[in-house]
Amino acid sequence: MKSLMSFLLGIVLTVLGAALFLMNIHISNFTFFYRYNGTNVTALLLLAMCIMFVVYVVYPNVVTGGIMGIMFLLFVVSVIMSMKFYITHITALEMVIILATFFGGLGLVIRGLVHSKNELGSGNGT
């Protein structure tokens, strides 16, 4: 029961820390297309995904589905790379609170998971 409470408290603290961190991040200069050495990478990936979709419709198998999934992940990464993230100016106390809630929550989640596995594996019947 103690490990369950530790796990739930850890989830609450982790979500709180992540929310506090994300509230202090600003995105500027968002463009849909990521350029690398003058080449529009996102547009090329979008074109390749359209071609792979046609190939997947004609030959539906695991290989073409996997290639299409990898291309989708690359597309998402290229959109994220086109964003510019800035963290607002915060005090050191605010940063310590954010980091303590996030990483403290992660520690409690891990502790709750490890102790629950130990309690299940003990097998003493009590």
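In what order do the elements of the chain run from the N terminus on?

**View 1. The whole chain, end to end.** Starting at the N terminus, the elements go α-β-β-β-α-α-β-α. That gives four helices and four strands, taken as DSSP runs numbered from the N terminus (helices: H or I, at least four residues; strands: E, at least two). This is a predicted model, where local features need pLDDT of at least 70 and side-chain atom pairs count only at pLDDT 80 or more, while totals for chains, interfaces and linings use all residues. Residues are numbered from 1 along each chain as its sequence is written, and side-chain values use heavy atoms, leaving out hydrogens and water.

**View 2. What's tucked away.** Of the 126 residues in the chain, 18% are buried (under 20% relative accessible area; exposed is over 50%, partly exposed in between; 1.4 Å probe, protein chains only).

**View 3. The largest nonpolar core.** Here sit five residues: Met49, Met52, Met71, Phe75 and Val79. A nonpolar core is a set of buried Ala, Val, Leu, Ile, Met, Phe, Trp, Tyr and Cys residues joined through side-chain atoms within 4.5 Å.

**View 4. Zooming in on Met71.** Skip its neighbours within four places in sequence, and Met71 is in contact with Ala48, Met49 and Met52 (contact: heavy atoms within 4.5 Å).

**View 5. Phe72 in helix 3.** Phe72 lies in helix 3. Why does Phe72 count as partly exposed? Because its relative accessibility is 44%.
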